[in-house]
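These are my notebook entries on one protein chain. I set down what I looked up, one topic at a time.

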Amino acid sequence: MSVRWSAPVRYSECDDQRVVFNANYLVWADEASNAWWPSVGLTWDPDGVCGVQPLVKAATLEWSSSARWGDVVDVVCGLEKLGRTSLTLAFEVRVGERLCCVVRSTYVATRDGVAVPWPDQVRAAVA
């Protein structure tokens, strides 16, 4: 299951050349991840999901081209891998048909700051 999140590129997200500053791709991935949880039938709120708090363990970014001021970015988010205590979401950031960046974020299920297995409800929803 994948979900799409879109937004216009704001001037404040760009450098002096009107190219999107690299950290904003992570912000967009985070926005898309907040839309992904409900798309698979799970409630996401500041307390977490199904009794666990997903924390980002790692994130990678691989650029193909730049988004620029005035563009509209589409971020398509989907599950790439489900492990015992972690899951990886992949985010394709596009402007139209042009791929700008692929972000991969690995989340670890935690309770009281300690990694725990994903609850059965999460596994069933994302499988």
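**Entry 1. The helix α1**

I listed the buried residues of helix α1 and found Asn 24, Tyr 25, Trp 28, Ala 29, Ala 32, Ser 33, Trp 36 and Trp 37. I note that the model is a predicted one. I then looked up what these buried residues pack against: the strands β1 (2-8), β2 (53-63), β3 (72-82), β4 (86-95) and β5 (98-111), together with the helix α2 (120-126).

I also checked the length of α1. The helix covers residues 23-39, and at 1.5 Å a residue its 17 residues should span 24 Å; the end C-alpha atoms are 25 Å apart, so the two values agree. Just after α1, I found Gly 41 with a positive phi of about 90 degrees.

Is Ser 33 buried or exposed? Its relative accessibility is 2%, and because buried means under 20%, I recorded Ser 33 as buried. Ser 33 lies in helix α1. Setting aside residues up to four places away in sequence, I found that Ser 33 touches Cys 77, Leu 89, Phe 91 and Tyr 107. With Tyr 107 there is also a polar contact between the two side chains, at 3.5 Å.

**Entry 2**

Leu 79 stands opposite Leu 89 of β4. The two strands β3 and β4 form a hairpin, with 3 residues between them.

On the pairing of β4 with β5, I noted an antiparallel arrangement over 10 bridges. Here Phe 91 has Val 103 in β5 as its bridge partner. β4 and β5 also form a hairpin, this one with 2 residues between the strands. In that turn Gly 96 has a positive phi of about 60 degrees.

**Entry 3. The nonpolar core and Phe 91**

Which residues of the largest nonpolar core touch the most other members? Of its 34 residues, they are Tyr 25, Trp 28, Ala 67 and Phe 91. I found that β1, α1, β3, β4, β5 and α2 each supply at least two residues of this core. The most comes from α1, which gives 6 residues.

I then listed the contacts of Phe 91, leaving aside its neighbours within four places in sequence. Among them are Ala 29, Ala 32 and Ser 33, and the list also includes Val 75, Val 76, Cys 77, Val 103 and Tyr 107.

I looked up Val 56, which is found in strand β2. Val 56 and Thr 106 are 50 residues apart in sequence, but their C-alpha atoms are 5.8 Å apart in space. Not counting residues up to four places away, Val 56 touches Thr 106 and Tyr 107.

**Entry 4. The whole chain**

Last, I counted 2 helices and 6 strands in the protein chain, in the order β-α-β-β-β-β-β-α from the N terminus on. Of its 127 residues, 42% count as buried. Among contacts with a separation of 6 or more, 64% are between residues 24 or more positions apart.

Along its principal axes the C-alpha trace spans about 45 × 25 × 25 Å. A compact globule of 127 residues would have a radius of gyration near 14 Å; the chain has 15 Å, so I recorded agreement.

Key
Residues numbered from 1 in each chain as written. Predicted model: local features only at pLDDT ≥ 70, side-chain atom pairs only at ≥ 80, totals over all residues. Heavy atoms only, no water. Helix = DSSP H or I, 4+ residues; strand = E, 2+ residues; numbered from the N terminus. Expected span 1.5 Å × (residues − 1). Buried < 20%, exposed > 50% of the residue type's maximum accessible area, 1.4 Å probe, protein only. Contact = heavy atoms within 4.5 Å. Pairing = 2+ DSSP bridges. Polar contact = N/O pair within 3.5 Å; in protein donor to acceptor, adjacent residues only side chain to side chain. Core = buried A, V, L, I, M, F, W, Y, C linked by side-chain atoms within 4.5 Å. Rg over C-alpha atoms; globule rule 2.2 N^0.38 Å.
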